[in-house]
Amino acid sequence: AEALSLFVTNCFALTMEQTNGARDVSSFSPLEINGRQEHAILIDELDSVDKQRLFLGGERQLYPNSLSSREMESLTALCDTFLPSIDVSDTTTNASLVAFYRTSASMAGTPQRVGGLISERMKHPKLWLMRLALWFLSTWIGSFILCGRASLSSQFPYFQSFPQMSQQKREEILLSWSLSYFYLLRMLFKTMKLLTLLVFFTQVNEKNENLSWKAIDYTGPDPEFITKTKKFKASTTIGSQRPNNEEQNACPHKEELFGPLNRGIINLDKPKDLVVDALSTFGIPASVLHSEKIVNCSSNPSLTIRCDAVVIGSGSGGGVVAGVLAKAGYKVVVIEKGNYHARKNLTLLEGPHGPNVPISFCSCWLYRWGRLRHQLVRFDSNPTALNYTKKLWMLSVKKWEFNLKYKKKGLIMQFLRKGCQELGYPVNNIPRNSPPNHYCGWKEGRYHGDVARDLVNSGNGAILTGCEAIKVLHKRKKGRRDRNTATGVAFEFENGGVTIVACGALCTPKLLKRSGLKNVNIGENLHLHPVAMAWGYFPDSQVFDGWPEREKKSYEGGIMTAMSTVVAEFNKSGYGAVIQTPALHPGMFSVVMPWVSGKDIKHRMSRFSRTAHVFALARDKGSGTVNAPPYSISYEMEALDENNLKTGLEKSLRILAAAGAEDIGTHHFKGKGLHVKKANLDEFERFVKEESSRPLRELSSAICSAHQMGSCRMGVDSKQSVLNQMGETWEVEGLFVADTSVFPTALGVNPMVTVQAIAYCTSQSILQVLRRKKVEHKN
């Protein structure tokens, strides 16, 4: 959830992207500057909002599928190869398991959904190659080129297209692609596997149900959430009589349902005049230009809003600055690309959910002042400046209440702790900005801190959802020869003095480049915190002395309450790896697990609820680039980072075995595993050494990115950085950045709290600028 945040005070150019809750729409709700129609709906108080849509997250619709019939023929064959129909009625009497095995991808409608994603959502520069491959596979000659001798038949016409081949042959071909010497074939396999499995295990019907969930022992939506939803819908049906006192008492408090920001949301899908009226309730003046002739130019906006600052995006950086500025008395408008989702809208589904402010990911690891100070010395050797920065840093940290306690132990956290304790590895609690009773299984979605409330409780902040910035506007002012001055982003916002970008490490470079900035460092120095995982299976039938607890599931529990620093190198170079555990739901679980056959992946998924993952996260020295148009990301792992991950994998396998796992393995595409209970010591050591020494840099294993950072880093030299010490761009005066892209190096730990602290420090600089401009304006 990379935040798209932008604080603006003068003129803005942006378009409005219309989204409807969980409905993903790639079309733009047009402005007059691009010749289309603009919509808006306001959410001022709960009585004026479509409460059912806000609470339920909106309707779910399929994306339009524009693939040709030949492409769909190949796509359907590929999906059914990954997830075929298998009869297991002779081996089990479990009806839900039999139904799960019997259902193929095409029987569930997965190919049509994947086709819609490819048509509407995928924006990769090599997308044309994938579609070409799909077309090739629908022909016998294309299949011969991509599949080789496996496409040959002993019967006339001797050549077969991919859809005409048997399931066994198609599986053999996919396996050969996964281990091919040709990079593009490996990439094709990974892409089709990801799309097919992710869609199949996350798609839901009108009842929010998936046909596989009962078989894999997954709860789906929180039962408590379903109950509260029914009560809420019954008490707030539009057009019905007001609920009586008993019904009102049965329905939770407004903020309990919607979170603290509902009073400040203005959702854009009704006429602009209503938007103007809604903004006026916050003391933010706005006006509409009524013209029959539409001019496609940012200098002729259809809507003008006058405020002190505009924040585009509501992430952990933008949300903090928005709250600070609003509390200080400045009029703030937050522009958010996505839609606001109510607090109780987190249903445990893996569908799209926009973050509340600040970002609702609860686990964190405080970036130590010592490491930050070491980097700040590179920026400014002035002791006074360092002391001032430290004071701001510690003050910002106090704004978020951290705790090291938890009431309910999650299953995978118990595995990590027990394994480390058995082996003598260090294991520590992780500070979290969430209550001790935060539990992922039946969640509350709460966090500590008052930043979100500062924005709306101050009466100075409004949130516009469904908006996307196109570019930052800047121009050369009279008397200034060295730098341009930021003037905003079109859809005009006036009367300010600074612009702050906090789009996240992947989106900020794109916005800056689209805006015409030429600094060669923009997009460079991208760090990804690469992650490699091991898995262990803990059957509920193998319980000794109450361990492991039979009733607990792998996807339940507090998120990341513990981690091990056994290979972190914190006291040496700092470039090592930390060992933690993720909470994987069915979609992501299926994506990272190895695929060796359709039957094997269904067997792995049937053990989902009792399979735990442990991952190694490297503080990477290697870096990548967010490239200019056509936008893409390139990244190459350094040998040091790969070795750190390998060492982390070795420790992870040992931790899982020591915790009592029956089977262990990694995510290498060969899918090898070891039955720990049946293996002797030599077999165990040989397996651990073999699996942890496999290469990781050639797409032979599933490598994930935990956090992205560093693509617009701070520095003291404009030749080596994008920003100065205060977070302002060297190239454009009044243009600030406040997100993970400002980091000079990778952190090696979760960056959320660091982002919040840096954003708080940056907001103090912004306040100084705004106060100075206010004085200048009076004079």
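Predicted model: local features only at pLDDT ≥ 70, side-chain atom pairs only at ≥ 80, totals over all residues.
Residues are numbered from 1 along each chain as its sequence is written, and side-chain values use heavy atoms, with hydrogens and water left out.

**The α4 and α8 pair**

Two packed helices are described by the angle between their axes and the distance between the axes. For helix α4 (residues 110-120) and α8, the axes come within 9 Å and cross at roughly 120°. Here axes are lines fitted to C-alpha atoms, for helices over the stretch in contact, and angles run from 0 to 180 degrees between N-to-C directions. Helices are DSSP runs (H or I, at least four residues), as are strands (E, at least two), numbered from the N terminus. On the α4 side, the contact (heavy atoms within 4.5 Å) is made by Thr 110, Arg 113, Val 114, Leu 117 and Ile 118. The α8 side supplies Leu 195, Thr 196, Val 199 and Phe 200.

Helix α2 (residues 69-82) has 14 residues, and at 1.5 Å a residue they should span 20 Å; its end C-alpha atoms are 20 Å apart, which agrees. The expected span is 1.5 Å times one less than the number of residues. Helix α2 is mostly covered, with 10 of its 14 residues buried. Buried means under 20% relative accessible area, exposed over 50%, and partly exposed in between (1.4 Å probe, protein chains only). Among the buried residues of α2 are Glu 71, Met 72, Leu 75 and Phe 82. Their cover includes α4, α5 (127-137), α7 (167-178), α8 and α20.

Helix α21 (residues 639-658) is mostly covered as well, with 15 of its 20 residues buried. Its 20 residues should span 28 Å, and its end C-alpha atoms are 29 Å apart, which agrees. Just after α21, Gly 660 takes a positive phi of about 110°.

**Buried residues in loops**

| Residue | Loop between | Relative accessibility |
|---|---|---|
| Ala 215 | α8 (183-202) and α9 (223-236) | 10% |
| Arg 607 | α20 (598-606) and β20 (611-618) | 15% |
| Asn 525 | α18 (508-514) and β17 (530-537) | 13% |
| His 529 | α18 and β17 | 0% |

Leaving aside residues up to four places away in sequence, Ala 215 touches Ser 96, Leu 97, Phe 100 and Ser 606. The C-alpha atoms of Ala 215 and Leu 97 are separated by 4.7 Å, although these residues are 118 residues apart along the chain.

**Backbone points to check**

Most residues other than glycine have a negative phi, and most peptide bonds are trans. Asn 525 has a positive phi of about 65° although it is not a glycine. His 529, also a residue other than glycine, has a positive phi near 50°. The peptide bond from Phe 156 to Pro 157 is cis, with omega near 15°. Pro 157 sits in the loop between α6 (140-147) and α7.
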